[in-house]
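Hi,

Here is the structure I promised to send over. Could you open it alongside this email and follow along as you read?

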Amino acid sequence: MSRPAVKKSLVTLVALVLTLAVAAGASAAIVTTTDLQGRPITFDVRAANVDTDWYANVLRATAHGNEISDVTIRIVPDQQIDGLCGSEAAACYTQVGSRPTIMIPAGKSQFIEGTLIHEYGHHVDATTPNPGFPELNGIPVWWQDRGMAALFQSREVAFDYSLGWAHSIAEIFAEDYAYIHVGPTYHYGITWLSPPDDKLKADMFAALGTPPAALPAAPNTPLVVNRVGTLTPHDTKSVPFGLLGPGRRITFKATVSRATRKGVRARIQVVCNGQVAGTRTIAKGQKTRTLVLPNMGPGDCDARLVSAAPVLLKYTLRLQLQAPGQTTSSRLAK
């Protein structure tokens, strides 16, 4: 992708009790449509003003089979992704009861398009046998072309996250699946491997089927991540993200509740490649501070809210990542 992107999700295999926290008090609408072959696609919509047909068109343009009818796409406000999928996630593939479910934020952008395809790649992985290896393990031709057996034996990759997100076999497959659909503009997150070459792309499509349609248009707008929550005394809230190339503009805004008459004390900062790139202090009597950092990247970064208060702090965070050539959207929240 040409824009910066928050790290993709960890695959989660959790019980219904976790995901029922999605929208306490929010109404859900089940919307059913079909792919181009007439297979049902199910959406569980828990956000306002959602264009489910756009999401359906993204899925219609992916290489898929009958498994598309066995997954639910749950569309939620962006602020809820943090609690559902974890602080490092932009979305996630999970289990709600016996039903595989993709948690994806509401909105319409190139980033959400690529993220939805990444998460659907996990579903393809989970429903495609690769005998002799524990799931999640990709598909047989991908396993062979990527030399996964040798990488596993040399401890370059793992079936879990013990070696980090970018060395997870499940995440490498999902990134490859997204890349072969989106192409070179995709923000490929596995920095230690090259993206799929023409042979791998052709072999994967031969195994999974050729995409039956073109991807729908999606705005190339800045990525905005919104988070809300409560910070315990002297704790840190971190929002990790990656910057693909140079010239990125980071805008990080934090609003903290006035917890006592003495006000609050906290600071916001952005750390990239292990170095503090900028800091702002939220002093007594202040509630909101904004940190703007132009000409950043490439790098692995995170935006942090650090509490210096002895009491609980309620917070609202907004992180905007803008690539060169992007114009700021007038609607920041997804």
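Helices H4 and H7 cross in a right-handed way (right-handed means that the near helix is turned clockwise from the far one by less than a right angle, left-handed that it is turned anticlockwise). Before I go on, a caution: this is a predicted model, where local features need pLDDT of at least 70, side-chain atom pairs count only at pLDDT 80 or more, and totals for chains, interfaces and linings use all residues. Residues are numbered from 1 along each chain as its sequence is written, and side-chain values use heavy atoms, with hydrogens and water left out.

Back to that helix pair. H4 covers residues 110-127 and H7 residues 169-182, and their axes come within 8 Å and cross at roughly 125°. Axes here are lines fitted to C-alpha atoms (for helices, over the stretch in contact), and angles run from 0 to 180 degrees between N-to-C directions. Helices and strands themselves are DSSP runs numbered from the N terminus (helices are H or I, at least four residues; strands are E, at least two). H4 and H7 are therefore oblique to each other; for that label, angles under 35 degrees count as roughly parallel, over 145 as roughly antiparallel, 65 to 115 as roughly perpendicular and the rest as oblique. On the H4 side, the residues in contact (heavy atoms within 4.5 Å) include Gly114, His118, Gly121 and Asp125, and on the H7 side they include Ala170, Phe173, Tyr177 and His181.

H4 has another partner, helix H2 (residues 52-60), packed at an angle of about 55° with the axes 10 Å apart. This pair is oblique too, and its crossing is right-handed. Trp54, Tyr55, Val58 and Leu59 of H2 meet Ile112, Glu113, Leu116, Ile117 and Tyr120 of H4.

Five strands make an open, mixed sheet in the order S1-S2-S3-S5-S4 (two strands pair if DSSP finds at least two bridges between them). Its edges are S1 (29-34) and S4 (92-96), each pairing on one side only. From one strand to the next, the twist averages 30°. H2 lies across S1, S2 (40-45), S3 (72-76) and S5, at about 140° to S2.

Buried means under 20% relative accessible area, exposed over 50%, and partly exposed in between (1.4 Å probe, protein chains only). Which strands pair with S13? S6 (residues 223-231) runs antiparallel to S13 and is joined to it by nine bridges, with Val225 partnered by Leu319. S8 (residues 248-256) is also antiparallel to S13, through eight bridges; there, Ile250 stands opposite Leu321 and Thr251 has Gln320 as its partner.

S8 has two faces: Arg248, Ile250, Phe252, Ala254 and Val256 are on the covered one, while Arg249, Thr251, Lys253 and Thr255 are on the uncovered one. S8 is also joined to S11 (residues 288-296) by seven bridges, again antiparallel, and Thr255 stands opposite Thr288 there.

Last, the cysteines. How many disulfides are there? A search of the whole structure turns up two, where a disulfide is a pair of cysteine sulfur atoms within 2.5 Å. Counting bonded cysteines along the chain, the pattern is 1-2, 3-4.

- Cys85 and Cys92 have their sulfur atoms 2.0 Å apart. The torsion about this S-S bond is about -60°, so the disulfide is left-handed. Cys85 is buried at 7% relative accessible area, and Cys92 is buried at 0%.
- Cys272 and Cys301 are joined with an S to S distance of 2.1 Å. This link is right-handed, with 110° about the S-S bond. The pair links distant parts of the chain, 29 residues apart: Cys272 sits in S9 (residues 266-272) and Cys301 in S12 (residues 299-307). Cys272 counts as buried at 11%, as does Cys301 at 4%.

Cheers
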